[in-house]
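Please look over the structure shown below.

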Amino acid sequence: MKFLLPEIRHDLKGFQSLVSLEAETKDCIFDEIDIDMIATSWFDADMCAAFGAILYRLGENLNTIRLINVCTSVEKILSKNGFLSHYGREKVPDRWGTTIPYRRFDVKDDRYFADYIENELIHRAEMPIMSPGLLKKFRESIFEIFSNAVLHSRTDLGIFSCGQFYPARQRLDFSVTDLGVGMRQNIQDHTGLILSAEAAIQWTTEGRNTTKNGPVPGGLGLKLLREFIDLNGGCIQIVSDAGYWRRENRETITRPLNYSFPGTVVTVEINTADTNSYKLVSEPATTDIF
Amino acid sequence: MKKELTISIFEVVGSPLCVASSDGQKIYDRLSAAFKDGRSAILSFHNVSTLTSAFLNAAIGQLYGEFNEEQIRALLKVKDMEPDDLALLKRVVETAKQYFKNPQRFDQAIQDTLGDEGNG
C-alpha cells in the first residue's frame, strides 16, 4: 500500500497527519508500505520520534517500509539526525550541530538514555549557552518525561526520542514517544475513571492525580514539567490515544484527534534565551523536609 | 545507641544522574533495612547533579508507606542538597504523605475531575 505524507510540523495538524498514517496502516501485516513523501516539503525533526514509533510498530508487524520521493531538504535533515539510517540511507554529518539524534530505547535503558542526553544535548559545544538554573531544570524535565514513559506506558516496544535546536529562534524542541497503553486507558485501568482522550491528558497534568497505586507514590512528573514550561515561556504538547493537549503562555488547549496514536507523545519546546535564575525565594531547611 | 548509617547516593547509583525509579529503589532498600534495624541514616547528595521525582518517590516517598512520619523524621537526615533539590524533595514528601494517608485518593481525584468538568 502507499500513503501520501503531507508536511509534518510539530502542531495539531502534524499530529493529525501522523495518526492518519497510523489509522490507514495499523492492520497491515506482511505488507509492503510505501510512505510517499513527495508532498512532505517540511518535516520538523523532533516529530521523528512519533513518526519513527509508528513505523517501528509497522515493522513489528512484519511489514516492509520504504520512504520514497523524499525531497532534498527533508532528506538532509532526516539524514543528519540519523532517522533515515533506519530506512536504508547513510547518516550525514551534522556540520552545524543543530540536530539531536533520533534514537529508540528499551524501558530498561535509563542509563543509556542518560548518556544520550548528556552527550547529545547537555555537553555539546553547539548548544546555546543557557543559565545554569535553566540547564538544570531543562535536564530534569527531559528525565521526568522519560521516567513518565517508563513508569506508565507498559510498553515492550520501546521509547523513541529526537530533537532539534533552532539557533535563530532560540528554541530547542525535544520529543519522547512511547508505544504504550496511553493515558486514557491507563487512567481507566487504575482508577475506573472513563474520560475522553484529551480529558485524560488534562487529568494527568493536574493536582494530585496519579495512576500509581503500588508502594511507590507518583504523579508529579508532568506537573513539574508544566510548571517549568510556564516559567520558561516554552510550550508542551501531549498526544495520547485520540487526544491532543497543548500548553503555551500559561494557556491550555485540548482537541480530539481524528484517529488514535498508539501510545503517548510528549514534546517540549524550550526557550533557550530564558534568563530566569530558577533560584527559590525561600529555601526549605533540611530540618523541615520530613 | 546504634551507629548512624551514612549513604552516599552517588556511590549507590554510580552516577551524578539520579533519574531512574529503579535506582531510587536501591536507596529505599538500604534505608528500609536500616530503619527496621532501628538505625538512623544520613543521605548524602554530594556530587549528585540531577534528580527526578521518579527517583525520589522510589527512594524516599515510598518510606511513608512503611514507616510513620515521626519515625522518618527521627531517623532520616539529608545533606549536601541544592536548595531547589530540597524543594523538589519536600514536594515529593508532601505528595507521598497524601498518597499514603488517603486510601480513597482515587475517588477524590475522580470527584475533582468530574467537578471540574461540571463547571466547565
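## Basis

This is a predicted model, in which local features need pLDDT of at least 70, side-chain atom pairs count only at pLDDT 80 or more, and totals for chains, interfaces and linings use all residues. Residues are numbered from 1 along each chain as its sequence is written, chains are lettered from A and ligands numbered from 1 in the order in which they are written, and side-chain values use heavy atoms, without hydrogens and water.

## The largest cavity

The structure holds two cavities of 30 Å³ or more. A cavity is a set of points, on a 1 Å grid over the protein atoms alone, where a 1.4 Å probe fits but cannot get out; lining residues have an atom within 4 Å of a point. Grid points are joined across faces, edges and corners, and a volume is the space filled by probe spheres set on the points.

The largest cavity has a volume of about 390 Å³. It is lined by 33 residues, and A:Asn148, A:Ala149, A:His152, A:Met183 and A:Leu222 are the closest to its centre. Elements giving two or more residues to this lining include α5 (132-152), α7 (197-204) and β8 (251-271) of chain A, and α3 (53-59) of chain B. Helices (H or I, at least four residues) and strands (E, at least two) are DSSP runs, numbered from the N terminus. α5(A) gives the most, seven residues. The lining divides into twelve nonpolar, 17 polar and four charged residues. Here Ala, Val, Leu, Ile, Met, Phe, Trp, Tyr, Cys and Pro count as nonpolar, Asp, Glu, Lys and Arg as charged, and the others, Gly among them, as polar.

## The second cavity

The second largest cavity has a volume of about 30 Å³. Its lining draws on both chains: A:Asp110, A:Arg111, A:Ala114, B:Ser15, B:Leu17, B:Val19, B:Ala20 and B:Asp23. Helix α4 (residues 110-122) of chain A supplies the largest share, three residues. Four lining residues are nonpolar, one is polar and three are charged.

## Burial and cores

α7(A) is mostly covered, with seven of its eight residues buried (under 20% relative accessible area; exposed is over 50%, partly exposed in between; 1.4 Å probe, protein chains only). A:Trp203 and A:Glu198 are among those buried.

The largest nonpolar core has 43 residues. Such a core is a set of buried Ala, Val, Leu, Ile, Met, Phe, Trp, Tyr and Cys residues joined through side-chain atoms within 4.5 Å. A:Phe113, A:Ile117, A:Leu121, A:Phe138, A:Leu172, A:Phe174 and A:Val268 touch the most other members. α5(A) gives the most to this core, with seven residues. Leaving aside neighbours within four places in sequence, A:Val268 has contacts (heavy atoms within 4.5 Å) that include A:Ile142, A:Leu172, A:Phe174 and A:Ile236. A second, separate core of 41 residues includes A:Cys28, A:Leu58, A:Ile65 and A:Leu84.

## Chain B

Chain B has six helices and five strands. From the N terminus on, they run β-α-β-α-β-β-α-α-β-α-α. Of its 120 residues, 51% count as buried. Among chain B contacts with a separation of 6 or more, 82% join residues 24 or more positions apart.

## Two positive phi values

A:Phe30 is not a glycine, yet its phi is positive, near 55 degrees. A:Phe30 sits in the loop between α1 (12-25) and β2 (32-36) of chain A. It counts as exposed, at 65% relative accessibility.

A:Leu62 also has a positive phi, about 60 degrees, without being a glycine. Its loop lies between α2 (48-60) and β3 (64-68) of chain A. A:Leu62 is exposed, with a relative accessible area of 52%.

Terms used. On a 1 Å grid over the protein atoms alone, a cavity is a set of points where a 1.4 Å probe fits but cannot get out, and a pocket is an open set with protein on both sides within 12 Å along at least five of seven lines; lining residues have an atom within 4 Å of a point.
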